[in-house]
Each structure stands twice: as structure tokens, then as C-alpha cells.
Amino acid sequence: MSRIVYVNGEYLPEEEATISIFDRGFLMADGVYEVTSVLGGRLIDFDGHAARLARSLAELDMAQPITRDELLAVHRELVARNGIEHGMVYLQITRGNPGDRDFAFPDPETTPGTVVMFTQSKPDLLDNAAAANGIKVISLPDLRWTRRDIKTVQLLYPSMGKMAAKAAGAGDAWFVEDGKVTEGTSNNAYIVKDGRIITRELSQDILHGITRAAVLRFAAEAQMVVEERPFTIAEAQAADEAFVTSATTFVTPVIEIDGAALGGGEPGPVAKRLREIYIEESLKAAL
Ligand code: PMP
């Protein structure tokens, strides 16, 4: 059975869903996105994603063509229509179809944004090999643009990073700029040393992860010490443990960095505990 997807106000079978070849998302990567996890048919941290979406749009001077309440209704409708138990909802808003290719932004009055949403089922979202055994990461230079706080659909370099990781037998890559780790290709990066959780502070250098915000809040509530500052690959290799966070992987242990094993190559206790707390607390607040 084909998926039902959402395009500009309509629910359609995926084969019938189309957007214009002139859409600025397609021609210019002029679009933003969000990914919200679904656990037990409910949305994890929906309001965090809705708030970041509004911020991404505002930073790019793009109108928000759909309200938070409408977004929530569409998310729920797609989850219901596609019978999603565990998985995710992908949402993309672009600057629309001006009917031609032009670098200048079109007038939002005459060119409304394009809104696309679809679901992906992921039965193993909670229990999978990466969560249980941890992942290896390699380091790569961070060659992305420097507004990484805006969640745009310009994902070519992160895709190249994932491919380089795969070729090296690793699960992901950590990007490095000016000698310091920025973040993973699609996640925020953390190390743990002497019980302290260390992760880069928020700035335009990294995406302001919704999972990051929640995990740091839960860590503080559990009396864990959090230090928000940059760290080097050498410091990470000498850490007791490491992990990454994202909406679709929650908290995932990192067991090796550029070939150096951490904590004997086993997931560490802080990552394991934070994963448990994150999942438990997020489920309580799920919509
Ligand atoms: N950094 C980058 C570059 C990402 O692509 C993502 C995932 N979208 C994250 C961090 C994690 O953000 P979140 O917790 O909101 O999924």
C-alpha cells in the first residue's frame, strides 16, 4: 500500500504528489525542514520542532504558510492514515514556485511557500544495533556554510560525510573546524570526562538540536554536570565516553573516534542513562 503524503493542503497517495520543477527548494535548496519522531503513534517534542521551524523561516525571511496548530493536525493525520507506530514525520517548507529561475526571492504575496510532509515507518526506532552497541565516528573538516543554526535542506556535504564514514567502516562523521568538533553530520556531539558532559555551546556553528536541549535539561535535573564548550578530537579520544543526539536516534553511544576506542569499545553508562531518561520523559510529554 502506498503512503499518503501531504502537499500544500492536500492528502495524496505518494505517486500522485508533485511539485514544480521551478520550486526554489529544487533549484536553490531554498527551503527548511524538520524531522519529528513518532513513538507508539505519538509525536516526540513536536513543539520544539515547531518553534525551530518558525525560527529557521524567520532567519531566511520566509513566510510561514501554515500555523503550529495546523502543522500538528497534519502530523497527526499522516501518522493515523499511514498507521505509523514507530517512525518519523518529515516536513519541508520551501520558498515556493515563482514560475521561473531567478536568484532574487519572489514576492511572498504572489508566490506562496510549498509545504510537503510525509511519514517513514521505522519499527526498530527504539531498539537497534547502533543504540545497543554504539557507533564509530571519523573526523572530517567542516566545509558547510556558516549558518548551520538554520535547518536548511542543503544536505550535500553532510551526505558526503555519511558516505566517507561508511567507506571507512564507521557509522558517522564528526565535523571539525579550527581544530574543534562542531557536530556530527546529522546530530550533536558530546564527550564525557570525569562525570562531566561536554558539548559545544549554541552559536551559528551548529544546529540547535531539539534533542540536545531536552537531554541537557534532563541531565541538569539528574544533577549531572554539563559544560558547554568546544572540544578537540584528541580530547574526545581521551574521554571516558562519547555520544550523539538527534530526533531520530535519541541518544546514541559513540565507541570509537578516528580509530581510538573509548571505554574499552563499549557504550558508556552516562550515554545509556541519558538515553533511558530521554525516552522515558519524552514519551510522557508526547502529543
Ligand atoms: N546537527 C545537525 C547537523 C543535524 O542535521 C541534526 C538533526 N537534524 C542535529 C544536529 C540534531 O538535531 P535534532 O535533535 O533537533 O534532531
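Which residues of α8 are buried? Keep that question in mind while the tour begins with some ground rules.

This is a predicted model, in which local features need pLDDT of at least 70 and side-chain atom pairs count only at pLDDT 80 or more, while totals for chains, interfaces and linings use all residues. Residues are numbered from 1 along each chain as its sequence is written, and side-chain values use heavy atoms, with hydrogens and water left out.

**Stop 1: helix α8**

Select residues 269-285, which form helix α8; helices (H or I, at least four residues) and strands (E, at least two) are DSSP runs, numbered from the N terminus. Helix α8 has 17 residues and reaches 24 Å from its first C-alpha to its last, close to the 24 Å expected at 1.5 Å a residue, where the expected span is 1.5 Å times one less than the number of residues. The opening question can now be answered: the buried residues of α8 are V270, A271, L274, R275, I277, Y278, I279 and S282. Here buried means under 20% relative accessible area, exposed means over 50%, and partly exposed lies in between (1.4 Å probe, protein chains only).

**Stop 2: helix α6 against α8**

Next select residues 210-221, helix α6, whose 12 residues should span 16 Å at 1.5 Å a residue, and whose end C-alpha atoms are 17 Å apart, which agrees. In α6 the buried residues are I210, T211, R212, A214, V215, L216, F218 and A219. Show α6 and α8 together, and you will find them packing at an angle of about 105 degrees with their axes 10 Å apart. That makes α6 roughly perpendicular to α8, since angles under 35 degrees count as roughly parallel, over 145 as roughly antiparallel, 65 to 115 as roughly perpendicular and the rest as oblique. The axes are lines fitted to C-alpha atoms, for helices over the stretch in contact, and the angles run from 0 to 180 degrees between N-to-C directions. On the α6 side T211, A214, V215, F218 and A219 meet L274, I277, Y278, E281 and S282 of α8, contact meaning heavy atoms within 4.5 Å. By class, this contact has seven nonpolar, two polar and one charged residues; Ala, Val, Leu, Ile, Met, Phe, Trp, Tyr, Cys and Pro count as nonpolar, Asp, Glu, Lys and Arg as charged, and the others, Gly among them, as polar. Just after α6, click on Q223, which takes a positive phi of about 65 degrees.

**Stop 3: helices α2 and α3**

Move to residues 46-59, helix α2, and residues 68-81, helix α3, which pack at an angle of about 130 degrees with their axes 11 Å apart. The two helices are therefore oblique to each other. The contact is made by F46, D47, A50 and L53 of α2 and by R68, L71, L72 and H75 of α3, and these residues divide into five nonpolar, one polar and two charged.

Now go to D61, in the loop between α2 and α3. Is D61 buried or exposed? At 66% relative accessibility, D61 counts as exposed, and its phi is near 60 degrees, a positive value in a residue other than glycine.

**Stop 4**

Select T36 in strand β3, which counts as buried at 1% relative accessibility. Not counting residues up to four places away in sequence, T36 touches L43, I44, F46, H49, H75, G87, M88 and V89.

Then select L125, in the loop between β6 (114-121) and α4 (129-133), where L125 counts as buried at 4% relative accessibility. The C-alpha atoms of L125 and L39 are separated by 8.0 Å, although the two are 86 residues apart along the chain.

**Last stop: E109**

Finish at E109, in the loop between β5 (87-94) and β6, which counts as exposed at 71% relative accessibility.
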